[in-house]
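Dear colleague,

I am passing on the structure we spoke about, and below it you will find a short account of what turned up when it was examined.

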Amino acid sequence: MYEFLYKIISTPFGYVMRWIYMVVGNYALSLFLFALLVKVLMLPLTFKQKRSALEMQRINPMIQKIQKTYARDQRRMQEEMQNLYDREGVSPMSGCGTMLLIFPIMIGLYGVIIQPLTYFMQLTGDQIAQIAELLNYQIGGNYHYQIELATLIYENFDKVAHVAGNLMQVNFSLGPISMAAKPTFSQVSVLWLLPIVSGATSYLMSWLQQKMNPMQQSNPQMQGSNKMMMLMMPLMSIWFGFMLPVGLTWYWICNNVLAAVQEVLMSIWTKKQLEKSQNK
């Protein structure tokens with residue numbers, strides 16, 4: 001069941017990624033444009049999420065007043081809070097739909113990047129096995145073997161071009177760095193640059209999200225959790241950058257940069273909307 005759902009999500013993303021690559025002819029740039037396309041398609045939901053945050057920010061003083069007034073009566077507090085939401089036409093859960101969609105999107109993108117032969121080049125399992133045999137590549141339990149095999153296809157395309165019409169000679173490299181490579185803690189190399197940049201862009205994104213959300217800044221409890229997230233997310237990005245192929249790390253960097261730019265632009269829009277609502 002899991003594999004079936006995974007295939008349903010990743011297959012259409014693979015067609016989109018293939019189309020982008022055929023237009024630009026560069027895999028690293030294709031990943032960036034792929035990330036950009038996802039951001040653009042998610043804009044309506046992102047606007048809705050920001051609008052929800054704007055409304056919650058507007059009624060935050062009323063929420064705090066209710067919390068102080070009924071601090072010793074949790075049941076009455078919940079009733080008054082619900083009455084406030086109904087009266088003001090605000091739903092604290094209205095922005096959750098965007099977050100729920102992020103997970104399947106990330107699963108689909110993960111499949112396209114980690115299994116380029118299946119979803120990007122649309123090869124069958126038998127075709128992949130035949131190519132591996134022709135190139136003397138042993139397919140084992142390595143979950144990212146397709147990126148490594150795709151690199152061998154690029155280097156030995158003449159030997160395997162006859163296997164399938166969908167087969168493409170794609171350079172899975174970012175300058176001198178192979179997208180199939182995986183950095184290690186034990187050996188310092190240029191590959192270390194990608195996890196470090198991933199961690200730095202993750203920190204930048206978290207910092208911007210906290211800096212540009214006045215409601216979070218006024219809530220001491222949220223400030224504490226945000227500071228923890230600002231520390232944990234970059235560390236996790238660096239850790240996964242050493243555990244996974246460079247291709248995924250590059251996508252996360254692109255996504256982080258685009259998310260940071262989007263946060264700035266959306267925050268400017270949110271501020272203008274708040275000023276309009278306050279002037280009414």
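Arg-75 and Glu-79 both belong to helix 4 (residues 74-88), where they sit four residues apart, about one turn of the helix; helices here are DSSP runs of H or I of at least four residues, strands are runs of E of at least two, and both are numbered from the N terminus. This is a predicted model, in which local features need pLDDT of at least 70 and side-chain atom pairs count only at pLDDT 80 or more, while totals for chains, interfaces and linings use all residues. Residues are numbered from 1 along each chain as its sequence is written, and side-chain values use heavy atoms, with hydrogens and water left out.

Arg-75 and Glu-79 form a salt bridge, with 3.8 Å between the closest N and O atoms; the term means a side-chain nitrogen of Lys or Arg within 4 Å of a carboxyl oxygen of Asp or Glu. Arg-75 is exposed at 65% relative accessibility, whereas Glu-79 is partly exposed at 40% (buried means under 20% relative accessible area, exposed over 50%, and partly exposed in between, with a 1.4 Å probe and protein chains only).

Helix 4 also holds Glu-80 and Arg-76, again four residues apart, and they form a salt bridge whose closest N and O atoms are 3.0 Å apart. Glu-80 is partly exposed at 22% relative accessibility, and Arg-76 is partly exposed too, at 35%. A search of the whole structure finds two salt bridges.
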